[in-house]
Amino acid sequence: MLLPGSTIGVLGGGQLGRMLAMEARRMGYGVHALDPDPDCCAAPFAEIITAPLDDVEAARYLAAHCDVLTIETEHVPAAVLAQIETLRPVYPNSAALATVQDRLRQREFLNRHQLPQTAYAAVDDLASLNQALSGIGRPAVLKTRTSGYDGKGQVRIGAGDDAAAAWAAIAEAPAVLEAWVQYDKEISVILARGHDGDIRCYPLAQNEHRQHILHVTRAPARVTPAVVQRAQALAVAVAEGLGHVGVMAVEMFVLESGELLINEVAPRTHNSGHYTFGGCVTSQFEQHLRAICGLPLGDAEPLRPALMLNLLGDLWANGAPPLARILTHPGARLHLYGKQPRAGRKLGHVLLLDEDLDAAQAWVDAIVG
Ligand SMILES: Nc1ncnc2c1ncn2[C@@H]1O[C@H](COP(=O)(O)OP(=O)(O)O)[C@@H](O)[C@H]1O
Ligand SMILES: [Mg+2]
């Protein structure tokens with residue numbers, strides 16, 4: 001058990017690393033983070049080691065100065081984790097990360113565990129793309145196996161779209177073709193699993209994406225208790241199958257029939273879990289720290305229903321966004337990550353704690369559209 005006073009090492013210093021560091025510092029832990037940018041989001045709360053995430057020597061240096069290591073992005077080479085897990089405990093471990101960070105291996109893992117997902121096929125060249133399209137049909141979505149996020153590295157292929165153009169659009173990178181899902185809702189399960197296998201699930205999050213980027217999360221999701229139970233059981237099966245330790249997010253599609261398909265697994269804290277930081281007894285960041293440090297897990301119960309709105313750089317296009325107006329909501333909590341505005345970039349989020357989430361949603365729509 002690593003008690004406060006110990007030092008946490010984080011690979012990546014983006015906003016997830018920043019909020020992890022904030023919670024760690026509050027609890028009395030030291031934090032070191034590895035990031036290519038010395039002024040990264042985590043910099044005000046952590047000692048930054050400036051180096052690319054694939055720099056093995058820098059990762060070894062980080063490990064030497066920390067008691068336990070973790071990641072805030074899955075885009076850390078698993079081989080780097082394999083190098084440092086001989087020095088210190090690392091969560092998630094390199095094997096779990098290798099499975100999840102490659103979309104094809106992730107789908108094969110789900111398949112092996114008989115977990116429900118959309119139809120998919122591996123794509124390595126234009127010929128295999130054409131073959132996959134005739135098997136899977138259209139619409140479909142082509143996604144690079146690695147390095148994708150916020151809809152980057154993916155292209156939808158509709159009825160009239162040219163396969164060669166789609167293949168070029170993802171720079172001819174090894175990919176997976178997936179059948180497009182006509183879903184009713186998107187949800188995610190945020191959970192934490194401890195060293196001892198203890199698991200805590202947070203209230204189900206319901207997610208609305210715009211241009212493949214998360215726009216709004218509401219928790220609890222508007223789904224039946226049966227869907228909640230089934231979604232949590234699927235997420236627990238994923239966490240146990242991977243032997244995961246720490247927080248993880250499992251994104252799912254809910255079909256009209258109530259059937260669930262797993263879309264994506266993230267072995268880390270997650271954007272759709274931001275509502276826990278202020279909206280639940282234990283934030284996902286504190287929970288992750290507790291899990292990787294071998295402390296008892298905290299209560300995942302909600303304090304109040306919550307709606308989270310992502311603040312993208314586009315809101316800054318014509319000067320400062322209406323933050324003061326947003327804060328007139330009595331249950332608003334503002335988080336800004338200290339980033340420079342750029343279109344499509346996540347600059348922060350606002351959490352609205354409100355018994356009436358429909359009213360909170362209408363209020364947000366009236367302000368940001
Ligand atoms: N097969 C699919 N069918 C329907 N929508 C999809 C599909 N794959 C992705 N999407 C949409 O795009 C969003 C982002 O895709 P995702 O695979 O989660 O990648 P990432 O979050 O890494 O960018 C999803 O949340 C969903 O809204
Ligand atoms: Mg996703």
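Leaving aside neighbours within four places in sequence, isoleucine 48 is in contact with Ala33, Asp35, Asp37, Pro38, Cys40, Ala42 and Ala43. The structure is a predicted model. Its chain is assigned three domains: domain 1 (7-91), domain 2 (119-179) and domain 3 (185-368).

**Isoleucine 48**

- Isoleucine 48 belongs to strand S3, which covers residues 47-50.
- From isoleucine 48 to glutamine 211 the C-alpha to C-alpha distance is 32 Å, and 163 residues separate the two in sequence.

**Domain 2 against domain 3**

- A distance of 28 Å separates the C-alpha centres of domain 2 and domain 3.
- On the domain 2 side five residues make contact, and they meet four residues of domain 3.
- The area buried between domain 2 and domain 3 is about 390 Å², with 36% of it on carbon and sulfur atoms.
- Of the area that domain 2 buries against domain 3, 70% comes from Asp150, Gly151 and Gln154, which is more than any other three residues supply.
- One salt bridge is counted between domain 2 and domain 3.
- Aspartate 150 and lysine 346 form a salt bridge through their side chains, with an N to O distance of 2.8 Å.
- Three residue pairs are in polar contact across the interface of domain 2 and domain 3, both residues being at pLDDT 80 or more.
- The side of domain 2 that touches domain 3 is made up of no nonpolar, two polar and three charged residues.

**Aromatic pairs**

- The count of aromatic pairs is two.
- Tyrosine 183 and phenylalanine 253 are classed as stacked because their ring centres lie 4.9 Å apart and their planes are at 10°, planes under 30 degrees apart being the cut-off for that class.
- Tyrosine 183 sits in the loop between strand S9 (175-179) and strand S10 (185-193), while phenylalanine 253 is in strand S14 (residues 246-254), so the pair ties together parts that are 70 residues apart in sequence.

**Salt bridges**

- The total comes to 14 salt bridges.
- Glutamate 23 and arginine 26 form a salt bridge, and their closest N and O atoms are 2.8 Å apart.
- Helix H1 (residues 15-27) holds both glutamate 23 and arginine 26, which are three residues apart, about one turn of the helix.

**Cis peptide bonds**

- Tyrosine 91 and proline 92 are joined by a cis peptide bond with omega of about -5°.
- Proline 92 is found in the loop between strand S5 (90-91) and helix H4 (94-101).
- From arginine 138 to proline 139 the peptide bond is cis, and omega is near -5°.
- The loop between helix H6 (126-136) and strand S7 (140-144) contains proline 139.

**Positive phi**

- Glutamine 114 is not a glycine, yet its phi is positive, at about 55°.
- The position of glutamine 114 is in the loop between helix H5 (103-112) and strand S6 (120-123).

Conventions. Residues are numbered from 1 along each chain as its sequence is written. Chains are lettered from A and ligands numbered from 1 in the order in which they are written. Side-chain values use heavy atoms; hydrogens and water are left out. Domain bounds come from an automatic or database domain assignment. Contact means heavy atoms within 4.5 Å. Buried area is the accessible area (1.4 Å probe) that two parts lose on being put together, summed over both. A salt bridge is a side-chain nitrogen of Lys or Arg within 4 Å of a carboxyl oxygen of Asp or Glu. A polar contact is a pair of N or O atoms within 3.5 Å; within protein, one must be able to donate a hydrogen and the other to accept it, and residues adjacent in sequence count only if both atoms are side-chain atoms. Ala, Val, Leu, Ile, Met, Phe, Trp, Tyr, Cys and Pro count as nonpolar, Asp, Glu, Lys and Arg as charged, and the others, Gly among them, as polar. Rings of Phe, Tyr and Trp (its six-membered ring) pair if their centres lie within 6.5 Å; planes under 30 degrees apart count as stacked, over 60 as edge-to-face and the rest as tilted. Helices (H or I, at least four residues) and strands (E, at least two) are DSSP runs, numbered from the N terminus.
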